[in-house]
Amino acid sequence: ALPGHLLRGLLPLLTVFHLERAEDAARRAGLSTQPIWRKLWDDVMKTRPPNSESITCWRKKFLETFFSNVLHGVLDVSSDWRLNDRHFSPLLHSSPHVSQLTLCNMLQGAVELTAEHNHRVLENLAGSLRILKFQHLLSCDQSVKRSLVLLLHRLIHHGSVSQVSMYSWPVPDTVLLVLILTMSAGFWRSGNALACHSSLCGLCREEDKAQSQESVQEGAGRGCNAEREGSGGESQKRSPEEANAPMNSVLSGHRSPPLQNPVCEETSSGHTSIQGGSSPHTSSEQLSCHPIPPKTRRRLKPAVGRKRRCLRRSRGHYADPEDLYDFVFTVARENNSGLLDKTTEGENTENCISSSPGSPCTGHAGCKKRGGPAGILSLKAAHHFRSVSTLELFSIPLTGETCRTLSNLLSSWVSLENLILSYNGLNANISCILSGLRALAHHPECRFRVLRVSDVFSHMPCMELVRCILSALPQLHTLSLSFDLKNQLEGSRPEVNPNCSKAEIPESCLEVLEIRFPREPLHTAFLLPVLKASKSLQQLSLDSATLPCPQELGLLLEVLRECTPDLKKLSFHDVNLAEHQKEVLLLLQDPGLQEITFSFCRLFESSTAEFLSEIINTVKRNSSLKSLKLPGNRLGNHRLVALADIFSEDSSSSLCHLDVSSNCIKPDGLLEFTKKLEGHIQQRGGQLPFTHLRLFQNWLDQDAETAQEALQRLKAMCSVVNDAWDSSQAFADYISVM
């Protein structure tokens, strides 16, 4: 109830606890606390956050980072008087503002968050957290994994987390990795060795109680009907609770997991069958892109031992830690039956990228006829909870076994909308991933829309991979493929699959297509079927492609005009366009394009002054072009100054964004460009559509005073984004490649 002028003077003197409580009062008084939170950031964090110009709420940014730093023990709250308040509980009071959280190393953060004294903190996170990240993980013991299980269960299955990302795990703990993937997909074995019944959350207990009561009622009704019909089998003599024990066992941690099919079956060949009627060796390798590692084979223990552990578990004792290994790798082995069950009946597996290992199992008649895995809990028996919509794996090697596991999870992951796989060393295993996505695409509730794959080596030609993906996933909205190099062994690429290359691509929903070629030639003939099938394409990005002949770019432009009427954004990066000036001008006059990018395309390498004038005049006449990005084209000072004429008085241009990053621009050239722009604004009566200028990595440090003057005058006209870049080292690099 303080007057506004008193509140304005009081706010900077408050601790974080009281500043939070005064937020509503400040808003009612028309006061902004953003400068105070920004000063708190500078004083406490002592770093400049990345993309600081895009931060809209410094209060949220500070409290979210503060939470993470306190959780990981890198910030001492006694270091600043504004944090050291006896009323202030650092984790509890900042947790409602945390929308993304990163857990690192030995997962100490998971242990802390699941501790009893942080129960309210975890409840807050369940409502606020949207993105959960794991970075630089290390192997950990069973108690830490138990904490992780409970954390994932609360934040994903009963929380609001929609994205799980894992980064930089060069030697992943396979069990831990698959555990995170499995729980992200919504599966949880509530009775496993890692989650004893006393640790179950209240939400599960309530759900278990409700479902148990419903099962009892339904079972009683079925029992009465069965007795009236007079059928007298042994199953009808059981009580309703016994009849529903298998389902109840999965849904509740108070009961042990059910014993499944008979523990082992002898095949006609005499092998012990763990899965679907085939031997452990055969059934696992049938889907493998590479042979199963010896260590994995040793893990697949005889079924007799498993039966004994299950019996012990039914008496209330928990199994040894290897039960978790059995559980997570059951996911992979279920590809023999589960994946095929989710594909359409009679679908020809030759439509996959290859019919080699990695495709769904079709070699054994028993794969479909026989039951699921025996003696260990399968995904069909595990309870299915809420799952995330975005999965990102960056710089984590994925073995054939892990790919099969992920493939099986993907096949029924109906909530998944975005899959991002970066530098996972997939190679031929990408066929395994696509098998799961193909099965998912046939699910009536499938929401999968975005696939991004990047890696060092490409397993097959990029356009061939694009065709195969779109044939399998016509509902995709965004497809991004990026490869650094061709396969290291020239002869190691598979032969082109005739079924994939000859088959017509079905009409797709593709809106965004991004391809980074590993220095492969761009043949328009290969791109043509993709563009014909993508009538809704709005954005096309071609990176690091080579043009095999001078006519190729002209052919591409013709195809784009004919096949993609809705194309709005076109980007070329690291494509040599020095000899394609005519095509560049044609693109700049295209009335349909709103954003054009020529990034590091050597536009002015062998051009004349007339070419620059033609570019300026073309853009001046194009009223539909909103964004022009020209980074890395050696504009220099004089070309930058000339570009200011785009906004002259006689121009009909609607250009809003201009990117001239990495163009050897010096402070004096920027100042001259600024003065010329100011003159055009005066001629136009102060009206200018130009709103954003990007100036990253230019030589503005050579004269700080002149650069500062130019930037200040520019910021009075538009939003300017630049950086403090040291050009001295970069200059040597530039000279070396001239």
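I'll go through cavities, then a helix, then a strand pair, and end on aromatic rings.

Housekeeping: this is a predicted model, so local features need pLDDT of at least 70 and side-chain atom pairs count only at pLDDT 80 or more, while totals for chains, interfaces and linings use all residues. Residues are numbered from 1 along each chain as its sequence is written, and side-chain values use heavy atoms, with hydrogens and water left out.

So, how many cavities of 30 Å³ or more does the structure hold? Four. Points are joined across faces, edges and corners, and the volume is the space filled by probe spheres set on them.

The largest cavity comes out at about 80 Å³. Its lining includes Leu426, Asn427, Asp455, His459 and Phe483. By class, that's seven nonpolar, three polar and one charged, where Ala, Val, Leu, Ile, Met, Phe, Trp, Tyr, Cys and Pro count as nonpolar, Asp, Glu, Lys and Arg as charged, and the others, Gly among them, as polar. Strand S10, residues 450-457, gives the most to that lining, with three residues. When I say strand or helix, I mean DSSP runs numbered from the N terminus: E, at least two residues, for strands, and H or I, at least four, for helices.

On to helix H10, residues 174-184. Ten of its eleven residues are buried, meaning under 20% relative accessible area with a 1.4 Å probe, protein chains only. Among them are Val175, Leu179 and Ser184. At the N-terminal end, Asp173 is the cap, with a side-chain oxygen 3.1 Å from the backbone nitrogen of Val175. Just past the helix, Gly186 has a positive phi of about 100°.

Next, the strand pair. S14, residues 569-573, runs parallel to S15, with five bridges joining the two; strands pair if DSSP finds at least two bridges between them. Leu570 has Ile596 as its bridge partner in S15. S15, residues 595-599, is largely enclosed by the rest of the structure, because five of its five residues are buried. Which residues sit on each face of S15? Glu595, Thr597 and Ser599 are on one side, with Ile596 and Phe598 on the other, all of them buried.

Last stop, the aromatics. A search of the whole structure turns up ten aromatic pairs. The rule is that rings of Phe, Tyr and Trp (its six-membered ring) pair if their centres lie within 6.5 Å; planes under 30 degrees apart are stacked, over 60 edge-to-face, and the rest tilted. Phe604 and Phe611 make a tilted pair, 5.9 Å centre to centre with 55° between the planes, and both are buried. Phe647 and Phe690 are tilted too, at 4.8 Å and 35°. Phe647 is in the loop between helix H28 (636-643) and strand S17 (657-659), and Phe690 in the loop between helix H29 (667-683) and strand S18 (692-694), so this pair ties together parts that are 43 residues apart in sequence. Phe647 counts as buried at 0% relative accessibility, and Phe690 is buried at 2%. Finally, Trp37, Phe62, Phe66 and Phe88 form one aromatic cluster.

That's my tour.

Key: On a 1 Å grid over the protein atoms alone, a cavity is a set of points where a 1.4 Å probe fits but cannot get out, and a pocket is an open set with protein on both sides within 12 Å along at least five of seven lines; lining residues have an atom within 4 Å of a point. Buried means under 20% relative accessible area, exposed over 50%, partly exposed in between (1.4 Å probe, protein chains only). A polar contact is a pair of N or O atoms within 3.5 Å; within protein, one must be able to donate a hydrogen and the other to accept it, and residues adjacent in sequence count only if both atoms are side-chain atoms.
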